[in-house]
Amino acid sequence: MLSEAFAQGKSILHRLDPRLRIVFATLFSFLLAVSMGFPTLLAGLTLSVILVLTSGLPLKDVAKRLTTINIFNILLFLVLPITFAPPPAFLLGPVACSREGLLLAARITLKSNAILMVFIALIATMSIATLGHGLNRLRMPRKIVYLLLIAYRYVFVLEQEYQRLSTAIRVRGFVPGTNLHTYKTYAYLFGMLLVRALARAERVYQSMLCRGFKGKFYCIHQFSFSSTDRIWAGYLLLTLILLGGMEWLMPTLF
Amino acid sequence: MHISEGVLSAPVLLSGGALTVVGTAIGLKKLDYDHMAQVGILSSAFFMASLIHVPIGPSSVHLLLNGIVGLLLGWGAFPAILVGLALQAMFFQFGGITVLGVNTLNVAGPAVICYYLFGNLVKKDSGMALVAAFACGAFSVLLTALMVAISLLFTEEHFVEVATLVVTAHLPVMVIEGIVTAFCIGFLKKVKPDSLPGFSGTPGPRTTV
């Protein structure tokens, strides 16, 4: 079942203005993605851990969300030191491990974890509806916001359709295997999902016309920027300046 | 298929983002509000596809289906896939903010290319349509894998091994996607022919399997 598990919460981060969170998360992600210095990356990681702890999210679930990228990171640690040609740092058994390779793998690991944790702490803690409205207030093109909100609204509907179709094929004795029949069945399943989705879209459009839709989308949700938001904006701006400064002054400390 | 955060370099992220913005702008321009609901719901269908696991040998893989999205939407594939990937980031934390541009380009670009290459062939009334649909599905996955590999290689030359791994891992997926696309398009032609842009209508005797 699809659910927005992290969006229900009562921490201070959940209550901050969504626009602030979106802007900060974006700036932080890009800043960290282009940084090279280990002091910057470690500081960024520390900050992201602090934010995750502040958000009050169950740490086990956060860790679960981080497993995919960390499996990839482990793969990098195994592959990169061996394949980087230049100066080998030490010998691990019969294999020469290069220093550059190790450092690159370490950098990527720090970056990906830090960026993803900030994403979880700040963005995954809002519902997609809030995200859509926040993006609209940040002047994203209306059509994209509208697409996001419609897609979000119908994801749950389509998931139920999929469950219904899935049950139907299992009731008819379908057992997935590596054969043509399986692929044909899944193809028809997806096709049926598309057909039902398109029919639904048609009905949705008709009902919108009945309610006076004239081709313009209005977003009436207002956000208020309170004093708490101002204080947090100050803190977060300071951290960004700090990280930027660290990167500028100490870009390569290794 | 999702490149995760922190792997790619700044030039790759920025150029991927810029190209995605261009593609999305073109897609949105061709999209009037009449078809907005359709694209949005197809977007969530694309998102659902990533939850469908298809067995392949001892493990299972989730399908990309950007070939089908391309055939159905043309340039509208860009905004649809952008939104689909944003939903995946929000629900499962696959991908992220900085790589959204590159990931969208890698998935939607091949979708649009395959739309232009195979769009007309798929509507024909012969067995050729089946072959074209298979080719569309397989080729779009191949192109996506290649673009992921190129993104990695432009970041760092020493990513050669990782890039090769990505492409070879997707070769069996290509075949399965081709098969699934072929059957799915055949199904759509029989059941809802007007879903394919420009398809005139009455299916002939040999358009389906």
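Predicted model: local features only at pLDDT ≥ 70, side-chain atom pairs only at ≥ 80, totals over all residues.
**The interface between the chains**

Chain A brings 60 residues into contact with 53 residues of chain B. On the side of chain A that touches chain B, two or more residues come from each of α2 (18-34), α4 (59-83), α5 (99-123), α6 (128-137), α7 (142-171) and α8 (180-210) of chain A. The most is given by α8(A), with 17 residues. By class, this side of chain A divides into 45 nonpolar, nine polar and six charged residues.

A:Phe119 lies in helix α5 of chain A. Because 26 C-beta neighbours fall inside 10 Å, and 20 or more are needed, A:Phe119 counts as buried. Leaving aside residues up to four places away in sequence, A:Phe119 touches A:Ala25 and A:Ala124 in chain A, and B:Gln93, B:Gly96 and B:Ile97 in chain B.

B:Gln93, one of those partners of A:Phe119, belongs to the loop between α4 (77-92) and α5 of chain B. Although B:Gln93 is not a glycine, its phi is positive, at about 60 degrees. B:Gln93 is buried, since 23 other C-beta atoms lie within 10 Å.

**Domains and a loop residue of chain A**

Chain A is divided into domain 1 (12-126 + 224-249) and domain 2 (134-210). Taken over C-alpha atoms, the centres of domain 1 of chain A and domain 2 of chain A are separated by 34 Å. A separation can also be given for two individual residues: A:Phe119 and A:Tyr154 are 35 residues apart along the chain, and 24 Å separate their C-alpha atoms.

A:Arg139 is located in the loop between α6 and α7 of chain A. Its phi is near 70 degrees, a positive value in a residue other than glycine. Is A:Arg139 buried or exposed? A:Arg139 counts as exposed, because it has 8 C-beta neighbours inside 10 Å and the limit for that class is 12 or fewer. B:Gln93 also has a positive phi without being a glycine, but B:Gln93 is buried.

| Helix pair | Angle between axes | Distance between axes |
|---|---|---|
| α1(B) (10-29) and α5(B) (100-122) | about 55 degrees | 7 Å |
| α2(B) (36-49) and α3(B) (66-73) | about 170 degrees | 11 Å |
| α6(B) (128-155) and α7(B) (160-169) | roughly 170 degrees | within 9 Å |

The helices α1(B) and α5(B) pack at an angle of about 55 degrees and are therefore oblique to each other. In this pair, α1(B) passes α5(B) in a left-handed crossing. The residues of α1(B) in the contact are B:Val12, B:Leu13, B:Gly16, B:Gly17, B:Leu19, B:Thr20 and B:Gly23, and those of α5(B) are B:Gly101, B:Val102, B:Thr104, B:Leu105 and B:Ala108. The contact comprises six nonpolar, six polar and no charged residues.

The angle of about 170 degrees between α2(B) and α3(B) makes these helices roughly antiparallel, because angles over 145 degrees fall in that class. B:Val39, B:Leu42 and B:Phe46 of α2(B) meet B:Val69, B:Leu72 and B:Leu73 of α3(B) in this contact. The contact of α2(B) with α3(B) has six nonpolar residues, with no polar and no charged ones.

The axes of α6(B) and α7(B) cross at roughly 170 degrees, and these two helices are therefore roughly antiparallel to each other. From α6(B), the contact uses B:Ala145, B:Leu146, B:Val148, B:Ala149, B:Leu152 and B:Leu153; from α7(B), it uses B:Val160, B:Val162, B:Ala163, B:Val166 and B:Val167. By class, the contact of α6(B) with α7(B) has 11 nonpolar, no polar and no charged residues.

**A glycine of helix α5 of chain B**

B:Gly119 is found in helix α5 of chain B. B:Gly119 and B:Thr164 are 45 residues apart in sequence, and their C-alpha atoms are 30 Å apart in space.

How values were computed. Residues numbered from 1 in each chain as written. Chains lettered and ligands numbered in written order. Axes fitted to C-alpha atoms, helices over the stretch in contact; angles between N-to-C directions. Helix = DSSP H or I, 4+ residues; strand = E, 2+ residues; numbered from the N terminus. Parallel < 35°, antiparallel > 145°, perpendicular 65-115°, else oblique. Left-handed = near helix turned anticlockwise from the far one by under 90°. Contact = placed C-beta atoms within 7 Å. Nonpolar A, V, L, I, M, F, W, Y, C, P; charged D, E, K, R; others polar. Domains from an automatic or database assignment.
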